[in-house]
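Dear colleague,

Please find below the structure that I am handing over to you, with its sequence. My findings are set out after it.

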Amino acid sequence: MCSKQCISTDGRQNPPDISQPVPRKRARNWSEEEREYLIDSLRDHVKVIEDKKTDAGINRKKSVAWTSISKTFDTKYKGMRSEKQLKEQWKQMKLGAKKAYAEFRKERVKTGGGPPPKPPSSIDEEIHQLIPTEFNQYENPFDDDCQEEQPAENDVETLDETATCR
């Protein structure tokens, strides 16, 4: 299979065959130790990396931070992971932690007895501590299961006889 232009046996150039995509090489799975080291490497840079702004100055700072994290990671693991892989792993770890916390909250409020829900993992807890604002649960003032205050029986208001109903 050709990567760019192929030359046929008679010397003419043929376009590359795009009907058969080249499978990407699968990297080995991340170990718990690698995930923990990634979190430790991110600690000093998490404010920059998780900044929601995307102007040129912030993007430059983010790029510098990821380069620094990549170099730190490479010193221990000898170039086993690219910067792109580190970014993708961080993204997947954040999503996994958010999902674990959401599932824990959902299971915790269920009724009917049974065993208590499994708490989030230690890595999920570390991620939660690094970026707590990502885990905020918004309160809904119009929630269906809210309790309305009922007036006491002796607090019945009487309508003024001059009041009109519309």
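Predicted model: local features only at pLDDT ≥ 70, side-chain atom pairs only at ≥ 80, totals over all residues.

Residues are numbered from 1 along each chain as its sequence is written, and side-chain values use heavy atoms, with hydrogens and water left out.

Helices are DSSP runs of H or I with at least four residues, numbered from the N terminus. Buried denotes a relative accessible area under 20%, exposed one over 50%, and partly exposed anything in between (1.4 Å probe, protein chains only). Contact means heavy atoms within 4.5 Å.

Helix H1 spans residues 32-42, and its buried residues are Glu 34, Tyr 37, Leu 38, Ile 39, Ser 41 and Leu 42. Their cover includes helices H2 (46-49), H3 (56-77), H4 (83-108) and H5 (122-130).

Helix H3 has 22 residues and extends 31 Å from its first C-alpha to its last, close to the 32 Å expected at 1.5 Å a residue; the expected span is 1.5 Å times one less than the number of residues. Buried in H3 are Ile 58, Lys 62, Ala 65, Trp 66, Ile 69, Ser 70, Phe 73 and Tyr 77. Viewed down the axis of H3, these buried residues fall within an arc of 140°, so they line one face of the helix; the arc is taken from the directions from the helix axis to the C-beta atoms. H1, H2 and H4 are among the elements that cover them. On the other side of H3, Ala 56, Arg 60, Lys 61, Val 64, Lys 71 and Thr 75 are exposed.

Both ends of H3 have a local feature to record. At the start, a side-chain oxygen of Asp 55 comes to within 3.1 Å of the backbone nitrogen of Gly 57. Just after the helix, Lys 78 adopts a positive phi of about 50°.

Gln 89 in helix H4

Gln 89 belongs to helix H4 and counts as buried, at 11% relative accessibility. Which residues does Gln 89 contact, leaving aside its neighbours within four places in sequence? They are Trp 30, Arg 35 and Leu 38.

Salt bridges

Side chains of opposite charge can pair when their charged atoms come close. With a salt bridge defined as a side-chain nitrogen of Lys or Arg within 4 Å of a carboxyl oxygen of Asp or Glu, the structure holds 12 of them. Three are described here.

Glu 33 pairs with Lys 76, with the closest N and O atoms 3.5 Å apart. Glu 33 lies in helix H1 and Lys 76 in helix H3, so this pair ties together parts that are 43 residues apart in sequence. Glu 33 is partly exposed at 45% relative accessibility, and Lys 76 is partly exposed at 41%.

Arg 81 pairs with Glu 34, the closest N and O atoms being 3.2 Å apart. Arg 81 is in the loop between H3 and H4 and Glu 34 is in helix H1, so the pair ties together parts 47 residues apart in sequence. Arg 81 is buried, with a relative accessible area of 4%, and Glu 34 is buried at 0%.

Glu 103 pairs with Lys 106, with the closest N and O atoms 3.8 Å apart. Being 3 residues apart in helix H4, Glu 103 and Lys 106 are separated by about one helical turn. Glu 103 is partly exposed at 38% relative accessible area, as is Lys 106 at 45% relative accessibility. Finally, salt bridges that share partners join Arg 28, Glu 34 and Arg 81 into one network.

With kind regards

Key: Helix = DSSP H or I, 4+ residues; strand = E, 2+ residues; numbered from the N terminus. Polar contact = N/O pair within 3.5 Å; in protein donor to acceptor, adjacent residues only side chain to side chain.
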